[in-house]
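Please keep the sequence and the structure in view while reading.

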Amino acid sequence: MAYRNKVYVSFDADSDINYYRLMRAWTQNDNTNFNFYDAHDVNNNYDKSEASIKASLEERFRNSKVFVLLVGEHTRFLYKYVRWEIEQAIRRELPIIVVNINGMRQMDEERCPAIVRNQLAVHISFNEKILQFALENWPDEDARYRREDKIGPFQYNYDVYRRLGL
């Protein structure tokens, strides 16, 4: 079995790919501690059939330890892949980090896909410091909340953001 150390990032590839690219750029910046092992590096599929793409995505999931959902203006309307990816993350019980690209620090009820609104997930703003904090801390918090049978949206309080200089 492959070692699960990757971060699976789901996003609206038509509208929000620049945010994903910025996340990747953060890992290259020498002036930041931000880092993640990107599940999208696991394989690149050149067969564009839906079945082939989903098989490729499943391989990425098998190597992932956390699921990050970038939520933009149109994310809640995406069913073919984004909703399927969310379903996979839920089924696999991956820790879910919902990142609001509009800067909201809690669940954005207008933009968050309905399927994830009542799931165990932490909702954060789009910023490298809080995302790094969530990547380092949410998996353990998720495991603890699962043991306690807690569900629903979570968020970090003002003090966490303040300590991070945000």
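## Contacts along the chain

In this predicted model, residues 24 or more positions apart account for 74% of the contacts in the protein chain that have a separation of 6 or more.

## Helices and strands

The protein chain holds 6 helices and 5 strands, and their order from the N terminus on is β-α-α-β-α-β-α-β-α-β-α.

## Burial and surface

Of the 166 residues in the protein chain, 46% are buried. The accessible surface of the chain comes to about 9,100 Å², and carbon and sulfur atoms hold 43% of that area.

## The largest nonpolar core

The largest nonpolar core has 27 residues, and the members that touch the most others are Val68, Leu70, Ile97, Ile124, Leu131 and Tyr156. Two or more residues of this core come from each of the strands E1 (6–10), E2 (64–71), E3 (96–100) and E4 (121–125), and likewise from each of the helices H1 (17–28), H5 (128–147) and H6 (158–163). Helix H5 gives the largest share of this core, with 7 residues.

What does Tyr156 touch, when residues up to four places away in sequence are not counted? The residues in contact with Tyr156 are then Val122, Ile124, Ile130, Phe133, Ala134, Asn137, Trp138, Glu141 and Tyr161.

## Another core

Conventions:
Residues numbered from 1 in each chain as written. Predicted model: local features only at pLDDT ≥ 70, side-chain atom pairs only at ≥ 80, totals over all residues. Heavy atoms only, no water. Helix = DSSP H or I, 4+ residues; strand = E, 2+ residues; numbered from the N terminus. Buried < 20%, exposed > 50% of the residue type's maximum accessible area, 1.4 Å probe, protein only. Contact = heavy atoms within 4.5 Å. Areas by Shrake-Rupley, 256 points an atom, 1.4 Å probe, with all protein chains shown as cover. Core = buried A, V, L, I, M, F, W, Y, C linked by side-chain atoms within 4.5 Å.
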